[in-house]
Amino acid sequence: MLLEDLGYLAIPEKLRTNPGTENLETGRVVAEHKERYIVLSTNGEFEAEITGNMRFTARSREDFPAVGDWVGLMTYDAGFAIIHKILPRYSLIKRQAVDQSGEIQIIAANIDVAFIIQAVDRDFNINRLERYLTICHSAKVNPVIILSKTDLIDARQLNEITEGIRPRIENVPVIAVSNETKNGYSDLNKMIEKGKTYCMLGSSGVGKSTLLNNLAGSERMKTGNISQSTNKGKHVTSHRQLFILEGGGLLIDNPGMREVGIADTSNGLEITFDKIFDLSKNCRFADCRHINETGCAVLEALKNGELDSNTYHNFLKMEREKTHFASTVAEKRKREKEFGKILKDYYKKDIKQKRH
Ligand SMILES: Nc1nc2c(ncn2[C@@H]2O[C@H](COP(=O)(O)OP(=O)(O)O)[C@@H](O)[C@H]2O)c(=O)[nH]1
Ligand SMILES: [Mg+2]
Ligand SMILES: [Zn+2]
């Protein structure tokens, strides 16, 4: 296995030199399970853990390795390795946890293209597409929309769906596929390049694992029906894993996501809703919220039909969520800081007491 087979050449040149890793081997995290990692390197496959130092200095989930990460490691006999360093990431897909704790969940690192998969039957929902697009844009990952299960509808219905997407989502490729008939597979295969990393995003049951197995040419991931008995919608894929496809593309499957919160820290919303952001430059007030302000160019465009009303409402909803997330994070930081201070005072006292 060469590093370029794992996608090494997709790393931007300036990130490839990593001071402090000269004596370490380079590898890529292909799977993760409760702080244990499977790493591939030129010397094979290793089960790895991070150093104690990495664990104790970690300030957030982002300081731990994720699937797709390039790492500096020391390897030992019997396929065991210690990860000493995470190399700088060129992209990182994350989402906000459902419980609103302000925790973020890392989906995958160093992804070139994300396939946003939505089934054309009951799962189909443009608001949700915009949500995933925002996650991709803030992660600096190029999105491609894949409409799956097209065998369940006829050509006219499919046409209606793609026509419905067009006015709301521009400049994002849309590919319609069926895992049953393999319709659309050749278009999809054309998009997958050797040495580039792809990741699948989408709800449970839309056919992500089936697609991966078909593209890989063998059953790598378990697939299944959404369980009706446990109304939670149990998913079969319980872990995240990176697979090397026959054509040399690298593909990451993901457990289904029931809800994807927006943890947008960069300009994901700006890119997804670029039309609204362009319009807002003409609002009378610089801090216009586009809700009821006079001289609002966004409301004006909404009134004259230039702006789609569903797009507008979805934008407002996600904007609110982003604001809420930002304040949750700020509060959490504050609490942690206060707790840190209590600990510090406690230790100070403790040391004093020991001296006496
Ligand atoms: N009719 C139809 N069923 C599909 C298609 N793709 C997947 N399925 C079925 O949908 C269910 C969920 O598929 P799975 O790949 O496990 O979805 P995942 O949760 O997104 O990984 C399985 O029963 C599949 O057989 C498709 O293109 N057409
Ligand atoms: Mg799956
Ligand atoms: Zn406005």
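Student: Let's start with a loop. Where is the place of Lys149?

Tutor: Lys149 sits in the loop between S9 and helix H4 (155-165). Keep in mind that this is a predicted model.

Student: Is Lys149 buried or exposed?

Tutor: The idea is to count C-beta atoms around the residue: 20 or more others within 10 Å makes it buried, 12 or fewer makes it exposed. Lys149 has 23 other C-beta atoms within 10 Å, so it is buried. Its backbone deserves a look too: phi is near 60 degrees, a positive value in a residue other than glycine.

Student: Which loop holds Asn110?

Tutor: That one is the loop between strand S7 (104-109) and S8. Asn110 is another residue other than glycine with a positive phi, here near 55 degrees. With 28 other C-beta atoms within 10 Å, Asn110 is buried as well.

Student: Now a loop residue elsewhere. Why does Asp63 count as exposed?

Tutor: Apply the cut-off again: Asp63 has 12 C-beta neighbours inside 10 Å, so it counts as exposed. You'll find Asp63 in the loop between helix H2 (52-57) and strand S4 (70-76). Its C-alpha is 8.1 Å from that of Ile86, although the two are 23 residues apart along the chain.

Student: Let me zoom out. How many helices and strands does the protein have?

Tutor: There are 10 helices and 13 strands. Of the 356 residues, 32% count as buried. As for contacts with a separation of 6 or more, 65% of them come from residues 24 or more positions apart.

Student: On to helices. What should I read off H6, and which of its residues are buried?

Tutor: Start with the general idea: an α-helix has 3.6 residues a turn, so residues three or four places apart point the same way. In helix H6 (residues 208-216), the buried ones are Lys208, Ser209, Leu211, Leu212 and Leu215. Looking down the axis of H6, you see these buried residues within an arc of 160 degrees, so they line one face of the helix.

Student: What covers the buried residues of H6?

Tutor: Several strands take part, including S8 (113-119), S9 (142-148), S11 (197-201), S12 (241-244) and S13 (250-253). After H6 comes Gly217, with a positive phi near 80 degrees.

Student: How many residues of H3 are buried?

Tutor: H3 is mostly covered, with 11 of its 14 residues buried. Among them are Leu129, Tyr132, Leu133 and Ile135, but also Glu130, Arg131 and His137. H3 runs over residues 126-139 and reaches 20 Å from first C-alpha to last, close to the 20 Å expected at 1.5 Å a residue. Just after H3, Lys140 has a positive phi of about 65 degrees.

Student: Last topic, the core. Which residues have the most contacts inside the largest nonpolar core?

Tutor: They are Val39, Ile93, Ala108, Ala114, Phe115, Ile116 and Cys199, in a core of 55 residues. At least three residues of this core come from each of domain 1 (3-86) and domain 2 (92-253). A second, separate core has 11 residues, including Phe273, Leu279, Ala297 and Leu307.

Student: Take Ala108, then. Leaving aside its neighbours within four places in sequence, what is Ala108 in contact with?

Tutor: With those neighbours set aside, Ala108 is in contact with Ala66, Val67, Gly68, Ile93, Cys199, Arg240 and Ile252. Ile93 and Cys199 are also on the list of residues with the most contacts inside the largest core.

Terms used:
Residues numbered from 1 in each chain as written. Chains lettered and ligands numbered in written order. Predicted model: local features only at pLDDT ≥ 70, side-chain atom pairs only at ≥ 80, totals over all residues. Helix = DSSP H or I, 4+ residues; strand = E, 2+ residues; numbered from the N terminus. Contact = placed C-beta atoms within 7 Å. Expected span 1.5 Å × (residues − 1). Core = buried A, V, L, I, M, F, W, Y, C linked by C-beta atoms within 7 Å. Domains from an automatic or database assignment. Arc of directions from axis to C-beta.
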